[in-house]
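Okay, thanks for coming, everyone. Let me put it up on the screen.

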Amino acid sequence: MARVTCDVTISLDGFVAGPEQSLEQPLGRGGEQLHRWQFEAREDDAAERAGILEAGAYIMGRNMFGPERGAPSGSWRGWWGEDPPYHAPVFVLTHYASEPLVMEGGTEFRFVTGGIRRALQLAREAAGGKNVAIAGGASTINQFLEAGLLDELRLHISPKLLGSGERLFEGVSGPEFIPRSSRSTGLVTHVVYEVVPPDKA
């Protein structure tokens, strides 16, 4: 059965992005250093990198999609250039309805105003029987955890401290995390948890 998964890189002190996020620093101050494992010694973590892009559809928050706040300008097309890595439908949580944004390589950003459950319903329909991945950021992941809608959490733990920023698990209570696998390479520790909501624990 298709699952709802999440891959997220975090610092040792639990942040997925540093403070002062901006157009110049989309992951905030120091946030880029968390992701060295994806770009250096790539073969060491090839399986985990491939796993991030195996889903049939994705869900992300608007803050992850771009730096705009308030009504969209219509000119922003994401951080990833004209050929984003997803190559599948990406459902963006937002308060502002917008037309879908069709990119190269099969990525299509679709903007959802109905909240996380509506986004998940649409993503499941679009995924064609494959997993649905929660792409981030921290607030979106935390909402899915708190609602009991996440089946598998794949943490990629960087041996760095950020001190402040966007914290994973903020406001989350109740789920049980069952370790399923773990391994370390030179730049990161990968830990996979099955997530069991409180009513099923």
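So, the largest pocket: β1, β2 (15–17), α1 (46–52), β3, α2 (62–65), β7 and α4 each give at least two residues to its lining. Helices here are DSSP runs of H or I, at least four residues, and strands are runs of E, at least two, numbered from the N terminus. By pocket I mean, on a 1 Å grid over the protein atoms alone, an open set of points where a 1.4 Å probe fits, with protein on both sides within 12 Å along at least five of seven lines; lining residues have an atom within 4 Å of a point.

Before I go on, two caveats. This is a predicted model, where local features need pLDDT of at least 70 and side-chain atom pairs count only at pLDDT 80 or more, while totals for chains, interfaces and linings use all residues. Residues are numbered from 1 along each chain as its sequence is written, and side-chain values use heavy atoms, with hydrogens and water left out.

Back to the pocket. The lining has 48 residues, and L27, M64, W80, Y86 and A135 lie nearest the centre. The largest share, 5 residues, comes from α4.

Now helix α3, residues 116–126. Which of its residues are buried? They're I116, A119, L120 and A123, with buried meaning under 20% relative accessible area and exposed over 50%, using a 1.4 Å probe on protein chains only. They cover an arc of only 100° around the axis, so they end up on the same side of α3; that arc is taken from the directions from the helix axis to the C-beta atoms. R117 and E125, on the other side, are exposed. The buried residues pack against several elements, including β4 (89–93) and β6 (108–112). After α3 comes G128, with a positive phi near 60°.

Next, strand β8, residues 152–157: 5 of its 6 residues are buried, so it's largely enclosed by the rest of the structure. β8 runs parallel to β1, joined by 6 bridges, and C6 stands opposite L153 in β8. With β11 (residues 189–196), β8 pairs in the antiparallel sense, over 6 bridges; pairing takes at least two DSSP bridges.

Last stop: V8. Leaving aside neighbours within four places in sequence, V8 is in contact with, among others, V16, I141, L153 and L168, contact being heavy atoms within 4.5 Å.
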